[in-house]
Amino acid sequence: MRIAIDAMGGDHAPEVPLRGALKAAQEYPDLELRVYGRPDDLAPYLPENLPTNIQVLATEEVIGTAEEPVKALRQKKQSSLVLGLKAVRKDQADAFISAGNSGALMAGALMQVGRMKGISRPAFLVNMPCFTDFNKSWVLIDGGANVDNKPAHLHQYALMGSAYMRAVKGIDQPRIGLLNNGKEAGKGNQLTQAAYELLSQEENIHFIGNVEPSEVLNDACDVVVADGFAANMVLKSLEGASKAFVTLLSDTLKTTSWKSKLAGLLVKEDLKQTFAGLNSDNIGAGVVFGVKQPVLKCHGSAKDDAFYYAILQARQMVQSQLYDQLAQDFEALAQADQAKKEDD
């Protein structure tokens, strides 16, 4: 099991990616981790006795988070992101993980790893917490890779999301919901209405209908399908609301009456456990879905555990042979579509 890691991507690189890799290497000897980064930057964080299943590969360049993706990929061919993706293309690694430039990762995955046959547009699959059961999580696809989508794209996202939840989360019949502004079948714009029709006719998924944004955190379904624009708006709204709530709660407990301060002390440990259950680092990385091999994206501000769990997530994705099955399924769909066009 060979996993390539971009040690130079993210706000806390290279220390955080390295610590996550070291922990995974020590606990899972079946892993072979290929860590890409500039030697001088990596040196202060490498232990004297490096685990034998970690290989450090020298790179010369770094793609910054603010750089224009395609331009950076063309100009920085010796960057950790490009060389890690090339390793997957050349069959030197089975998966790639980075917390770096999202646009460069998506474009690089398409350029280096290649789009899976039958996939119209790859998407970002984002793992999300469930507020009603911290042992559960759900996924949102497309998390923002494509601003404009067609109904057929959302149909493919539903198939990909369902396959992911079966292979990685072990759910036999994942519940698929279509993000919309109402639960009734006739709700939404032309895109969601047409997508609803396609999903309701798809026999290979368990489609439960429309889901509203207010429901997604409360175990409404296992896979929320949406166009990239709407999904990204939901993600940013949830992020902003959660930060505002935490700030408001903290300020209330710290700066008001002695009763509030006493209450804060009494619920402190309970709040810690609650927020730990909602920690995105423990849920899993995002996935560039629709390319030929697993490419995972950690948040730019990710901590050690995020990389550790992303490595385990990639391990599970490879072990389950998810991508082999997806390749077969979408090739069959493409052949069926071609045959239908010829008949017409």
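Guide: Let us begin with Tyr164, which has a relative accessible area of 0% and is therefore buried, since buried means under 20%. Please keep in mind throughout that this is a predicted model.

By the rule used for ring pairs, the count comes to four aromatic pairs. In one of them, the rings of Tyr164 and Phe289 have their centres 6.0 Å apart and their planes at 85 degrees, and because planes over 60 degrees apart count as edge-to-face, that is the name for this pair. Tyr164 belongs to helix H6 and Phe289 to strand S10, so the pair ties together parts that are 125 residues apart in sequence.

Phe289 takes part in another pair, with Tyr323: the ring centres are 5.8 Å apart and the planes stand at 20 degrees, so this pair is stacked. Here too the pair links distant parts of the chain, with Phe289 in strand S10 and Tyr323 in helix H11 (residues 322-343), 34 residues apart. Tyr323 counts as buried, at 5% relative accessibility. Taken together, Tyr164, Phe289 and Tyr323 form one aromatic cluster.

Now look at the strand that carries Phe289. Strand S10 covers residues 286-289, and both of its faces are covered: Gly286 and Val288 on one side are buried, and so are Val287 and Phe289 on the other. Strand S5 (residues 123-129) pairs with S10 in the antiparallel sense over three bridges, and within this pairing Leu125 stands opposite Val287. S10 also pairs with strand S11 (residues 295-297), again in the antiparallel sense, over two bridges, and there Gly286 stands opposite Lys297. S10 and S11 form a hairpin with five residues between them, and in the turn Gly290 has a positive phi of about 120 degrees.

These strands belong to an open sheet of 11 strands with mixed pairing, whose order is S3-S2-S1-S4-S11-S10-S5-S6-S9-S7-S8. Strand S3 (54-58) and strand S8 (206-211) stand at the edges, each with a single partner strand, so one side of each is left without a neighbour in the sheet. From one strand to the next, the twist averages 25 degrees. Helix H5 (residues 102-113) packs on this sheet, where it touches strand S4 (95-98), S5, S10 and S11, and its direction makes about 180 degrees with that of S11. Elsewhere in the sheet, strand S7 (residues 175-179) and strand S9 (residues 223-225) pair in the parallel sense over three bridges, with Leu178 opposite Val225.

Helix H6 (residues 151-169) has 19 residues and reaches 26 Å from its first C-alpha to its last, which is close to the 27 Å expected at 1.5 Å a residue. The helix lies across S5, strand S6 (137-141), S7, S9 and S10, and runs at about 155 degrees to S6. Of the 19 residues of H6, 15 are buried, so the helix is largely enclosed by the rest of the structure. Just after H6, Gly170 takes a positive phi of about 70 degrees.

Note on methods:
Residues numbered from 1 in each chain as written. Predicted model: local features only at pLDDT ≥ 70, side-chain atom pairs only at ≥ 80, totals over all residues. Heavy atoms only, no water. Buried < 20%, exposed > 50% of the residue type's maximum accessible area, 1.4 Å probe, protein only. Helix = DSSP H or I, 4+ residues; strand = E, 2+ residues; numbered from the N terminus. Pairing = 2+ DSSP bridges. Expected span 1.5 Å × (residues − 1). Axes fitted to C-alpha atoms, helices over the stretch in contact; angles between N-to-C directions. Contact = heavy atoms within 4.5 Å. Phe/Tyr/Trp six-rings, centres within 6.5 Å; stacked < 30°, edge-to-face > 60°.
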